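Here are a few quick notes on the ligand site and one of the pockets. Have a look at the model first, then read on.

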Amino acid sequence: MKTIDDVDLQGKIILLRVDYNVSFADDGTIAQDMRITQSLPTIKLLLKNNNRLVLISHLGKPKGRDETLSLKPVCKRLQTYLPDFIVALVEDVYSFKKADIEKAKQTVFVLENIRFFAGEKKNDPAFAKELASLADIYVNDAFSVSHRKDASVVGVSALLPSYAGLLLKKEVTVIEDIVKNPDHPYIAIIGGAKISTKLALIDKLATITDHVLLGGGLANTVLKAKGYEIGKSLWENDEVETEVEKLLMHQKNTIVLPVDVVVADKDSGITTKPVNGLSPDDAIFDIGIDTRKHFQALISQAKTIVWNGPLGYFEKPEYKKGTDSIYEAIVANTHAASLLGGGDTITAIAGKPHHDRITHISTGGGAMLEFIEKGTLPGIEALA
Ligand code: ADP
Ligand code: MG
């Protein structure tokens, strides 16, 4: 993997893949912009060397053009960090040409949400060619999407001289350092909404760690697979449940499940119940207090900690205790190497004290886990 600080890039037009898939607060403002600030070292280094930049990012999961997922607010925020430049949004990739970039002065271009274009997710060769025609060089600084075989991640990379940006390099170096020769006890905490997307990773983690603590929506399917009543809780489907049963069978010594959960019931409101005590009207939204204590005790003894995914529906204050308790346990353990990541996980911990006690906060959730599982990612391979 060649990085932008290994080569002398001067006066080039550079397509820079970043991940500005930020989350928004209810009032429509950017909830936290860590993904933008983390890209600034690469942007500033490239601009200092008189390169011209065309940034590419996605935002959310649009099906075609969708004004609510425009990168306009992101451009506005980026502008505040680059006062000496004009940050300009390019609405239509197809009518934008290299000559437009050459003409413009002191301008950083940002292509509109790349997932507005059908060719992106399909890695359509014609779309990749269209993107590549804009520039001389491609730089990937989006670790968090490097597990995706999208046009702006792997497609363009095959068509232009390609390099890793500083953030991608940092992510790869630090994560390798933490997980290559981990000190034990080694603990993974996996939460989030869906288990289907994380099943293979949980399986792999269960073979390399001492404990995998499961919580959040994804633990519901696991509790169901174990035969518990989960009422109206969010879960996936029968097929996934069968997969989970297999996982539980051969990883039963490593997987740690919640023993109690916070449930909401239309009659009795919010209560905490043991996992074997739910009624058909209950819906699980967080881990319970006994589970928090159990997970915290395991985390306090760990020497290596990996965390992805909120332990509950943390966006609602009444269901964020589980997620908060995991964060607090990790930062209280000052003798462990700790790695956490994921878009929603970062949102959940944003603004909390002691970020400096975390060894590394990764921009990637799925990407981080897949990198731990496989030791590489398609977007990194594409740079070789
Ligand atoms: P990350 O982005 O950090 O990788 P995910 O995208 O996998 O995390 O999952 C985060 C989402 O999961 C959050 O929106 C959170 O509200 C949701 N979630 C977690 N636990 C539950 C639950 N018990 N019920 C409903 N939603 C949940
Ligand atoms: Mg997410």
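By class, how many nonpolar, polar and charged residues does the lining of the second largest pocket have?

1. That lining has 5 nonpolar, 2 polar and 4 charged residues. Here Ala, Val, Leu, Ile, Met, Phe, Trp, Tyr, Cys and Pro count as nonpolar, Asp, Glu, Lys and Arg as charged, and the others, Gly among them, as polar.

2. Keep in mind that this is a predicted model: local features need pLDDT of at least 70, side-chain atom pairs pLDDT 80 or more, while totals for chains, interfaces and linings use all residues. Residues are numbered from 1 along each chain as its sequence is written, chains are lettered from A and ligands numbered from 1 in the order written, and side-chain values use heavy atoms, without hydrogens and water.

3. Around ligand 1 there are 18 residues (near means a heavy atom within 4 Å). The closest are K198, G217, E315, D344 and T345. By class, this shell has 6 nonpolar, 9 polar and 3 charged residues.

4. Now the polar contacts (N or O pairs within 3.5 Å). A polar side-chain atom of E315 sits 2.5 Å from an oxygen of ligand 1. On the backbone side, a polar atom of G217 is 2.9 Å from a ligand 1 nitrogen, and one of G312 is 3.4 Å from a ligand 1 nitrogen.

5. Which element gives the most to the shell around ligand 1? It's α14, with 3 residues (helices are DSSP runs of H or I, at least four residues, numbered from the N terminus).

Conventions:
A polar contact is a pair of N or O atoms within 3.5 Å; within protein, one must be able to donate a hydrogen and the other to accept it, and residues adjacent in sequence count only if both atoms are side-chain atoms. Helices (H or I, at least four residues) and strands (E, at least two) are DSSP runs, numbered from the N terminus.
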